[in-house]
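Morning, everyone. Please look at the model on the screen while I talk.

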Amino acid sequence: MKTPPLVRKFIEDVPLYLAKGGFLKAVAKLSGATVLGQVVSILSSLILTRLYTPGDFGVLGVFTAIANQLNVFISMRYEWAILTPKEDKKATDIVLLSVTLSAVVAAIIATVIFVSSDQIAFWVKVPALAKVLWLMPIAVLSAGLFQIFNYWALRQKDFSIVAKAQVSKSLWSNGFQIGLGFFNLGALGLLIGYTINQFAGLKPLISFFLQNGRKYLKSYSIDNCIAAGKEYFVFASSCVASSFFNFAALSAPAILLAFYYGTEEVGWFALAQRITSIPAVLISNSVSQVYLSTACDLIHTDPKELDRLHSRTTLLLFGLSLFVGCGLLLAPWIVPTLFGRQWQSSGIMCQYMAPMLLFTLCVSPLTMLEWLNQEVELLIWHSTRLALIILGFYFSHHYHLSVEICISIFSGTTAVSYVILFLLNKRAINRLIFGTLKI
């Protein structure tokens with residue numbers, strides 16, 4: 001039996017792939033640190049599911065869904081532009097502009113929550129949320145700052161700092177959630193740990209920025225920040241639009257489950273997401289950050305090498321994702337054994353989410369339509385995916401389908417949408433190679 005040409009090409013190119021730009025070395029560095037964080041997450045989950053109820057996890061799921069949606073606006077997506085300028089001085093101006101915007105937006109969020117926290121809890125049908133929404137502006141601000149300084153570290157290709165920040169987040173967050181669980185604080189304990197998650201990773205990133213960008217800070221001026229904001233306004237605003245629909249699609253399942261089914265169902269889904277996010281964080285995030293920092297350079301210097309990098313990395317991710325997806329098929333038996341029988345529905349959800357995870361891990365880390373001036377196509381894709389998710393949940397509720405079947409429909413539509421996204425990425429890269437796409 002002959003080896004398929006694409007696979008044979010990948011095998012032949014492995015030595016080059018390992019050496020070129022230290023890509024896999026950088027991925028390994030991030031993954032190695034992430035392994036420690038994920039081991040902590042797995043071990044802590046065994047304890048947390050015995051300290052907190054599915055209802056507590058349900059409140060956490062809805063809270064994080066809202067927080068993720070608000071994160072889109074925290075710095076108006078200017079942090080994505082940090083990777084773009086050729087000069088570090090201009091990138092520093094974008095960092096400072098992003099920090100300023102984050103503080104302003106967090107203050108607006110705090111004001112809105114102070115006035116209407118009860119109304120928000122009523123809208124999503126989670127009354128317990130009203131008592132913990134005061135944490136929202138803190139969580140959103142810390143998450144926004146983390147992203148800003150993380151992108152600066154990625155620009156400098158210092159993956160050791162990024163890895164250190166990730167480990168700090170995991171250790172502090174899980175430690176607080178476990179510790180507070182013994183005080184019977186309910187969902188509040190989980191949410192305090194979630195909020196600390198972002199702050200814990202900030203210290204090494206901010207220290208690196210102050211050390212690495214000190215010489216540029218001396219010449220800081222408001223005028224330069226405003227000029228950088230104007231220069232990258234179109235880029236940032238288009239990213240805000242696509243990010244809004246992206247995070248809406250990510251947040252919708254928890255909110256729709258609470259609206260159509262109940263908080264306990266959200267809790268089961270939250271644990272299923274926590275389990276499936278372990279390989280996502282370990283594989284996807286590490287590859288994504290290294291790939292993005294490398295690919296942004298290749299867009300301008302060597303589009304053909306970008307295409308080769310994209311193809312080889314996709315094959316690598318597909319192999320890893322297939323292994324993970326097969327493991328999730330055993331979740332209905334493993335999850336209740338590890339976490340208790342009250343979480344059996346989470347195991348079934350994990351099994352149904354396997355197809356979605358397979359294609360998400362292959363495609364999502366390598367998506368860079370924003371940097372290829374394909375914001376309109378990406379916006380259409382995000383909005384279509386969101387519409388399919390909403391229709392799937394409505395259909396499941398209307399025909400009184402079980403929550404597990406509802407999740408299977410969600411998984412299937414998401415898997416198909418990511419296949420389409422892969423094709424859009426390949427099309428954009430090919431257009432760049434043939435000169436029909438101008439950057």
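Is aspartate 93 buried or exposed? Aspartate 93 is buried, at a relative accessible area of 7%. Here is the scale: buried means under 20% relative accessible area, exposed means over 50%, and partly exposed is in between, using a 1.4 Å probe and protein chains only.

Some ground rules. This is a predicted model, where local features need pLDDT of at least 70, side-chain atom pairs count only at pLDDT 80 or more, and totals for chains, interfaces and linings use all residues. Residues are numbered from 1 along each chain as its sequence is written, and side-chain values use heavy atoms, with hydrogens and water left out.

Now the salt bridges. Side chains of opposite charge can pair when their charged atoms come close. A salt bridge here is a side-chain nitrogen of Lys or Arg within 4 Å of a carboxyl oxygen of Asp or Glu. The whole structure has eight of them.

Back to aspartate 93. Its side chain meets that of lysine 89 in a salt bridge, 3.0 Å from N to O. Both sit in helix H4, residues 88–123. They are four residues apart, so about one helical turn separates them. Helices are DSSP runs of H or I with at least four residues, strands are runs of E with at least two, and numbering starts at the N terminus.

Lysine 90 forms a salt bridge with glutamate 231, with the closest N and O atoms 3.0 Å apart.

Third pair. Arginine 308 and glutamate 305 meet in a salt bridge at 3.1 Å, N to O. They are three residues apart in helix H12 (residues 303–328), so again about one helical turn separates them. Arginine 308 is partly exposed at 34%, but glutamate 305 is buried at 5%. Shared partners join Glu305, Arg308 and Arg312 into one network of salt bridges.

On to helix packing. How do H4 and H5 cross? The axes of H4 and helix H5 (residues 136–155) come within 8 Å, at roughly 170°. Axes are lines fitted to C-alpha atoms, for helices over the stretch in contact, and angles run from 0 to 180 degrees between N-to-C directions. That makes H4 roughly antiparallel to H5. The cut-offs: under 35 degrees is roughly parallel, over 145 roughly antiparallel, 65 to 115 roughly perpendicular, and the rest oblique.

Who touches whom? Contact means heavy atoms within 4.5 Å. Residues on the H4 side include Val95, Val99 and Ile113, and those on the H5 side include Leu141, Phe149 and Trp152.

Another helix pair. Helix H13 (residues 331–339) and helix H14 (residues 344–352) pack at about 150°, with axes 7 Å apart. That makes them roughly antiparallel as well. Among the residues in contact are Trp333 in H13 and Ile348 in H14.

Last, two backbone angles. Lysine 157 is not a glycine, yet its phi is positive, near 55°. Lysine 157 lies in the loop between H5 and helix H6 (159–181). Asparagine 373 also has a positive phi, about 60°. Find asparagine 373 in the loop between helix H15 (354–363) and helix H16 (375–398).
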